[in-house]
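Before reading on, take a moment to look over the chain as a whole and then at its charged side chains.

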Amino acid sequence: MTATTKPELPHWNMEVVYPNLQSPQFEEGFSKVKRSIEELAQLFDRYGIGKTEHKPLDDETVEQFNTVVERLNETLKEAFTLRAYISSFTATNSRDDLAQAKLSELQNSSTLLSQLSTRLTAWIGSLDVEGLIERSKVAADHAFMLGRAKVEATHLMSPGEESLAAELNVTGGSAWGKLHGNITSQLTVPIELEGKRQELPMSVIRTLAFEKDREVRRKAYEAEIEGWKSVAVPLAAALNSIKGEVNTLTKRRGWDSALDRAIFDANIDRETLEAMMEAAHESFPDFRRYFRAKAHALGLEQLAWYDLFAPVGESSSEWSYPEATGFIVEQFATYSGKMSAFAQRAFNEEWIDAEPRPGKRDGAFCMWLRADESRVFANYKPSYDSMSTLAHELGHAYHNMVKAERTMLQKSTPMTLAETASIFCQTIIQNAALKDAGRQEQISILEAALQDSSQVVVDITSRFLFERRLFEARKQRELSVDELTTLMKEAQRETYGDGLDESTLHGYMWAMKPHYYSTGLSYYNFPYMFGLLFGLGLYARYGEDPEAFRTGYDDLLSSTGLADAATLAARFGIDTRTPDFWRASLSIIREDIDRFESLVL
């Protein structure tokens, strides 16, 4: 491809921030962020922001709080934009040495910013928060954050220990996570296809799971397993180190377990988690019905792991990228002109990076960039599933847009609520695609939806069980590659049951999933299930009374950093602490399974 030729699928436009990583504008922006963080640290030192026994709530303290929060919000905004800009290069090309170097350099400043946030939390813990909220509009605007900080302050180590933990994370957990990202994005795997031996990136190998030819899927699965085996030792070392670090810090900070900390971070409570998981386990027989129906549609006795993503049904639409973008814009308009115009803007202003290419990470995500702008990362393949994923990620971008007027501390949205808009948008697309579809296309669309649902309910549960048991076992010692693989397969047997051929389970999912490799993101898994089921439940409320729903939906999205999940859900008459709501959401999936069965059996 020449410099003047655009790729068939779009790359995102980051020049609206800086021309490139070597430009004077970037260097100036990079230096400004570092300087802002250093000046913020000086302000903290001047005001004595940190852990104290008790801080009197006088006029000086109120003014200091106002100044510190306003400066912190501004600094966070600048730092997040800079990090997103640099990450746009590392995500699309992990071999970009300059971007990797800049990201590493920024990490040092980010560590200081993290330390300052911890100091602020400790300082808030010494304040009369209720009195502060009465005397300060800034505090009143950040009341939810203050309440959480008050609790979190009780789980902080000494200032010196917290500072040391943040510094060591750069060469500890964060470095192990970076190692995982670099190894997996650069991993190539030998495979024989059509009589030719070739080396393909792991991301490409994994896309072969969607091929129609079962032999290709089987070869790709076997090649993938061998690929993970080839890097399993360093990845096991990384995983053991990260989970060991989390266990140590969890204990030192006074949390009962890493799960308790994750529940707090998710803005839910254990009662909500247990209600949701109870309903999920009850739904497994329905998902196994889906697996058996899919096996029948494929002419198989039983599904193997490598059949999970096999296409079923025939789509009369190729769903090329232009077709997908047009459909999304059109169908978002059925909800609101605002949502449709937003999607059109994202496409027009080149917010999407859709082309799969060597060095680019697998998967899809959305990241906030600045103001009301986001960037969407995808590996687009002409299919309904890719279009659905694109709509999903645009839902995240829409969520970011309606939060644009919030401060950075108000925008902080837990993963449980971060999926709300994305699931809603994805459901709009699914229902629209099903409306006028023929039998074979209905099968294809339902199959794509049930693939996603089974991953988020069944597979997510297996990953949750694996992580919970890993954390417990890691308290005693490191686990070997074989032990990690065994632990993963045991969790898959419990969830997939007789829906899958257990001889073909994927014991290396622990190596593949990047979310396991973060010290700050333990138990990444259950929030995705919460997001799916909460999003479906909201969509059901929308169907009952569209006009009433529209009046409150954007405000709900805008408020996801201002209240816990149960409080926000109550706005729509939802009680998250009982299994009934979760059962009702799962019943929507059950209806899809029933419809799928009736079409293929």
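In this predicted model, the side chains of R119 and D45 meet in a salt bridge, with 3.0 Å from N to O. Because R119 belongs to helix α3 (residues 97-125) and D45 to helix α1 (residues 24-47), the pair ties together parts that are 74 residues apart in sequence. As a general point, side chains of opposite charge can pair when their charged atoms come close.

A second example is the salt bridge between D555 and R571, whose closest N and O atoms are 3.0 Å apart. D555 sits in helix α24 (residues 546-558), while R571 sits in the loop between α25 (565-570) and α26 (579-600), so this pair ties together parts that are 16 residues apart in sequence. Here D555 is partly exposed at 41% relative accessibility, and R571 is partly exposed at 44%. A further salt bridge joins the side chains of E355 and R357, and R357 is partly exposed, with a relative accessible area of 21%.

| Salt bridge | N to O distance |
|---|---|
| R119 and D45 | 3.0 Å |
| D555 and R571 | 3.0 Å |
| E355 and R357 | 3.9 Å |

How many salt bridges does the count come to? The count comes to 48 salt bridges, and some of the charged residues are linked in a network, namely D286, R289, R590, D594 and E597.

From charged side chains we can turn to the nonpolar ones. The largest nonpolar core has 150 residues, and among its members I328, F332, F466, W510 and F526 touch the most other members. Helix α20 provides the largest share of this core, with 14 residues. If neighbours within four places in sequence are left aside, F526 is in contact with L259, A262, I263, A266, I268, L273, M276, T416, I460 and F464. Another core, of 50 residues, lies apart from the largest one, and its members include A79, A91, I124 and F377.

Is T461 buried or exposed? With a relative accessibility of 0%, T461 counts as buried, because the cut-off for a buried residue is under 20%. Not counting residues up to four places away in sequence, T461 touches M277, A280, H281, F284, T495 and M529.

Q451 also lies in helix α20, and at 6% relative accessibility Q451 counts as buried. With residues up to four places away in sequence again left out, Q451 touches F210, Y290, K294, L308, F309 and A310. The C-alpha atoms of Q451 and P311 are separated by 10.0 Å, although these two residues are 140 residues apart along the chain.

Strand β1 (residues 188-193) has a covered face made of V189, I191 and L193, and an uncovered face made of T188, P190 and E192. Six bridges join β1 to strand β2 (residues 196-201), and the two strands run antiparallel. Within this pairing, E192 has R197 in β2 as its bridge partner. Together β1 and β2 form a hairpin with two residues between them, and E194 in the turn has a positive phi of about 55°.

Taken along the principal axes, the C-alpha atoms fill a box of roughly 75 × 55 × 55 Å. Of the 601 residues, 57% are buried. Among contacts with a separation of 6 or more, 76% are between residues 24 or more positions apart. As for the surface, the protein exposes about 25200 Å², and carbon and sulfur atoms supply 50% of that area.

Technical notes. Residues are numbered from 1 along each chain as its sequence is written. This is a predicted model: local features need pLDDT of at least 70, side-chain atom pairs count only at pLDDT 80 or more; totals for chains, interfaces and linings use all residues. Side-chain values use heavy atoms; hydrogens and water are left out. Buried means under 20% relative accessible area, exposed over 50%, partly exposed in between (1.4 Å probe, protein chains only). Contact means heavy atoms within 4.5 Å. A salt bridge is a side-chain nitrogen of Lys or Arg within 4 Å of a carboxyl oxygen of Asp or Glu. Helices (H or I, at least four residues) and strands (E, at least two) are DSSP runs, numbered from the N terminus. A nonpolar core is a set of buried Ala, Val, Leu, Ile, Met, Phe, Trp, Tyr and Cys residues joined through side-chain atoms within 4.5 Å. Accessible areas come from the Shrake-Rupley method with a 1.4 Å probe; for residues, only the protein chains shown count as cover. Two strands pair if DSSP finds at least two bridges between them.
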